[in-house]
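Here is a friendly note to read with the structure open beside you. Take the points one at a time and find each residue as you go.

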Amino acid sequence: MQVAPHVYVMHIDDGGVMHPGGSNNYFVGDPHTDMVLIDAGDQHRAWTRSILEYYARLGRPHISAILITHGHQDHIGGLDRLYDALQAPVRCHPKLVKRLEAMLGPGVVQPLASREVIRTGGGATLRALFTPGHEVDHVSFYLKEDRVLFTGDCILGASSSTVRDLASYMRSLHLLRRFPHDTVCPGHGPVVPPPRGPKLVQWYIKHREEREQQILAALARGVGDVRALARAIYPRNLPRGLRQAAESNVATHLEKLVREGKVVATPARYALAS
Ligand SMILES: [Zn+2]
């Protein structure tokens, strides 16, 4: 489906509990000349096949690069097969190069530079924005001509993302906000057009700030461990996988607050192993 003048999305319902609203791969550029592909999906053959079928429907344009948003399995699992089919250089964050080279061989993977501009068909340009937080090697892309942000897993279309380092994540959100956009194209969940698209980054920032306030308020009430904090803050009926994600989100908030000197950690309690 075409979602902007230079943007075509291959949407797949991969059925993961962590991916409400499915997942996306993007072809960006001009199908009559050349395009880049953003992300490679996971290792399931059906996913790779969907990407290649969509590519055939676009008329098999020349692919000038495969851009990777980050090194999680659901973004690089199909890379080996896609590289064989498309024979395009793979571009990613410098911290991910070694891992992808181990998969694809030497000379194939080229590190992106921060703010580098990648040109593709139809005069479209993508600017690489290093956005660590969800993962250290995370990159987002800004398509100026269409006012589109490709946010990988930094911002999702139908849920909030899991975060490893919240302080860097917040800096990344503030960076994304500086690039004027109408549409957010996330790694998972639906594409978010106006009127919600331009407000989504701000909503994410506000959401995290509110979480932090909730955690500080619960700590003030004497709730003092990750599990209890997650129970106090999140809905009671979260599915198991999301409960774990909620707890790890609480933990990343606490790490940030400790580093900022707003919270102190006291030694852990111990219990018999079960
Ligand atoms: Zn993902």
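1. Let us begin with a term. A residue is called buried when its relative accessible area is under 20%, exposed when that area is over 50%, and partly exposed in between. Lys262 has a relative accessible area of 51%, so Lys262 is exposed. Please keep in mind throughout that this is a predicted model.

2. Now for the partner of Lys262. The side chains of Lys262 and Glu260 form a salt bridge, with 3.4 Å from N to O. Glu260 is partly exposed because its relative accessibility is 38%.

3. How many salt bridges does the structure hold? The count is 9. As background, side chains of opposite charge can pair when their charged atoms come close. The next two points look at particular pairs.

4. Look at Glu116 and Arg91, whose side chains meet in a salt bridge at 3.0 Å, N to O. This pair links distant parts of the chain, 25 residues apart: Arg91 is in strand E6 (residues 90-92), while Glu116 is in the loop between strand E7 (109-111) and strand E8 (117-119). Is Arg91 buried or exposed? Its relative accessibility is 11%, so Arg91 counts as buried. Glu116, at 23%, counts as partly exposed.

5. A further pair is Glu135 and Arg164, with a salt bridge of 2.9 Å from N to O. Glu135 sits in the loop between strand E9 (125-130) and strand E10 (139-143), and Arg164 in the loop between strand E11 (148-152) and helix H5 (166-177), so the pair ties together parts that are 29 residues apart in sequence.

6. Next, step back to the domains. The domain assignment gives domain 1 (2-199) and domain 2 (209-259). The C-alpha centres of the two domains lie 30 Å apart. Where they meet, 10 residues of domain 1 are in contact with 10 residues of domain 2.

7. What is the area buried between domain 1 and domain 2? It is about 820 Å², and carbon and sulfur atoms give 65% of it. In general, the size of an interface is often given as the accessible area lost when the parts come together.

8. What about charged and polar pairs across this interface? The rule finds 1 salt bridge between domain 1 and domain 2, and 0 residue pairs in polar contact, where both residues must have pLDDT 80 or more. By class, the side of domain 1 that touches domain 2 has 6 nonpolar, 2 polar and 2 charged residues. Now find Asp165 and Arg259: they form a salt bridge in which the closest N and O atoms are 4.0 Å apart.

9. Finally, visit Asn249, which is in helix H8 (residues 240-259). Asn249 counts as buried because its relative accessibility is 5%. Which residues does Asn249 touch, not counting those up to four places away in sequence? They are Ser161, Thr162, Val163, Arg208 and Tyr234.

Key
Residues numbered from 1 in each chain as written. Predicted model: local features only at pLDDT ≥ 70, side-chain atom pairs only at ≥ 80, totals over all residues. Heavy atoms only, no water. Helix = DSSP H or I, 4+ residues; strand = E, 2+ residues; numbered from the N terminus. Buried < 20%, exposed > 50% of the residue type's maximum accessible area, 1.4 Å probe, protein only. Contact = heavy atoms within 4.5 Å. Domains from an automatic or database assignment. Buried area = accessible area lost by both parts, 1.4 Å probe. Polar contact = N/O pair within 3.5 Å; in protein donor to acceptor, adjacent residues only side chain to side chain. Nonpolar A, V, L, I, M, F, W, Y, C, P; charged D, E, K, R; others polar.
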